[in-house]
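Hello,

Here is the structure we discussed, for your files. My notes on it follow below.

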Amino acid sequence: MKAVAIHSQRGGSGKSVLAANLAYALASLNYKVVLLDCDLRAPTQYYIFNEPKVKHFINDYLNGEAEDDDVIVRIDDGVKGKLLVVFANPSIDAIKEALVKDRRWEMNALKKLIGLIKKFRHDSVDIVLIDTPPGPQYSALNAIVASDATILVTLPDKIEVRGAEVLLREIYSLVEIKVMLIVNKVPSKSHEEALRLGESVVRKLGGAELLEVIPYYPEVVLYNGDKMMVRDLPEHPYSKLIFEIARKIWTYL
Amino acid sequence: MRDSKNTSADATSLLNDVNKKLDKIIELLEKLVQRVPQTLRSVADVEDALRTGIIDVVTLLSVPDHLRKTLIALAKLGGEATSEDVAKYTGRARAVESAYLNQLATLGYVIKRRKGRKVYFIIPQFESYYEGE
Ligand SMILES: Nc1ncnc2c1ncn2[C@@H]1O[C@H](COP(=O)(O)OP(=O)(O)OP(=O)(O)O)[C@@H](O)[C@H]1O
Ligand SMILES: [Mg+2]
């Protein structure tokens with residue numbers, strides 16, 4: 001089993017949508033997948049999965065108020081494998097609470113996260129995908145340290161690439177973690193043109209392997225929160241690229 | 001044919017000997033390293049960790065380079081493990097991990113506890129969060 005954190009230096013790079021679609025694609029390919037929302041300050045998976053019934057959130061588990069089994073929600077919409085999601089609490093009170101946690105709480109959260117991932121390993125899960133907040137925030141760092149690899153999502157512009165550089169140098173290299181790069185929202189007319197842009201980004205970023213280059217597709221914005229691309233529009237080029245990633249990610253891990 | 005087999009067996013045992021000796025050398029070097037004063041930055045971090053009693057992810061990221069991998073491995077193993085467990089996890093020699101773990105103990109990041117014939121290295125904060133409350 002591999003645990004993979006999905007991270008970026010700046011916000012809005014497309015981590016959460018990617019995490020959800022990739023989790024769904026992997027489960028459709030018959031893998032047993034866990035998707036963990038570790039962005040306690042801006043929980044998103046709850047909305048991407050259309051506000052499901054959730055008894056306990058990851059917040060409760062990290063607070064010591066719920067057991068690991070109680071926070072796992074099984075998503076049953078036609079996937080061949082298994083898709084288990086652990087949601088972060090989207091209520092404003094929970095977000096406020098997460099904002100004022102201290103270092104001692106974060107230390108314990110790391111320990112609990114490591115424990116949770118261990119449990120999934122024991123339950124023969126194939127892959128755990130962790131959605132994280134951007135930049136070197138506590139929950140992101142905890143997820144990265146607890147994982148085996150990171151997917152670094154970046155836009156192809158100069159500021160984003162600089163940010164990615166900083167993460168590679170100041171964070172990922174310290175934990176000696178495997179880094180796979182996704183260049184997202186590439187403005188281009190063709191995938192070939194996008195690939196060229198993506199490759200120029202990788203050349204600037206030593207120490208990361210290019211996993212995929214994803215063009216900017218307006219439909220991804222238009223349907224966000226309404227439709228899940230890989231489930232509802234499997235023939236869309238975005239979905240096809242996500243399936244491509246789901247098939248080839250194993251050779252990188 | 002037989003000859004070449006023998007030679008390869010000899011070579012393997014020779015390599016094993018060399019390996020053992022290298023482990024020994026690394027162990028001795030590590031003992032030496034322990035006596036070299038730490039950099040100012042890591043001393044400040046250690047003091048901070050000891051003062052606050054907090055070993056969080058920021059602490060893990062700021063320990064001296066050569067010890068970080070060992071401490072993170074120990075955390076991932078649940079905060080309690082033998083040098084052998086850690087070596088299995090990091091893929092480095094047991095002697096190396098043992099030296100690093102002892103250094104971490106000297107610095108105050110971890111404590112050592114003997115259980116029967118085995119010595120366990122423990123990140124105390126990882127085991128006592130709720131009990132301490
Ligand atoms: N390839 C793409 N083309 C067009 N829009 C995209 C693409 N990928 C993601 N988006 C859109 O970008 C927006 C932000 O995506 P998302 O919420 O996944 O980002 P994030 O990195 O998780 O943000 P945050 O850092 O705030 O958590 C969404 O509207 C999403 O639909
Ligand atoms: Mg997000």
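**The ligand site and a helix pair**

By class, the residues in the shell around ligand 1 are nine nonpolar, seven polar and three charged. Please keep in mind that this is a predicted model.

The shell around ligand 1 holds 19 residues, and the closest are Lys15(A), Ser16(A), Val17(A), Asn184(A) and Lys185(A). In Ser16(A), an N or O atom of the side chain is 2.8 Å from an oxygen atom of ligand 1. In Asn184(A), a polar side-chain atom lies 2.9 Å from a nitrogen atom of the ligand. Pro215(A) takes part through its backbone: one of its polar backbone atoms is 3.1 Å from a nitrogen atom of ligand 1.

Taken alone, ligand 1 exposes 640 Å², and 85% of that is buried by the protein. Elements giving two or more residues to the shell are α1 (15–28), β7 (178–186), β8 (209–215) and α9 (218–222), from chain A. The largest share, three residues, is from α1(A).

The other item is in chain B. Helix α4 (residues 65–76) and helix α5 (residues 83–90) of chain B have axes that come within 9 Å and cross at roughly 105°. Angles of 65 to 115 degrees count as roughly perpendicular, so α4(B) is roughly perpendicular to α5(B). On the α4(B) side, the residues in contact are Lys69(B), Thr70(B), Ala73(B), Leu74(B) and Lys76(B); they meet Val86(B), Tyr89(B) and Thr90(B) in α5(B). By class, this contact has four nonpolar, two polar and two charged residues.

Regards

Technical notes: Residues numbered from 1 in each chain as written. Chains lettered and ligands numbered in written order. Predicted model: local features only at pLDDT ≥ 70, side-chain atom pairs only at ≥ 80, totals over all residues. Heavy atoms only, no water. Axes fitted to C-alpha atoms, helices over the stretch in contact; angles between N-to-C directions. Helix = DSSP H or I, 4+ residues; strand = E, 2+ residues; numbered from the N terminus. Parallel < 35°, antiparallel > 145°, perpendicular 65-115°, else oblique. Contact = heavy atoms within 4.5 Å. Nonpolar A, V, L, I, M, F, W, Y, C, P; charged D, E, K, R; others polar. Near = heavy atom within 4 Å. Polar contact = N/O pair within 3.5 Å; in protein donor to acceptor, adjacent residues only side chain to side chain. Areas by Shrake-Rupley, 256 points an atom, 1.4 Å probe, with all protein chains shown as cover.
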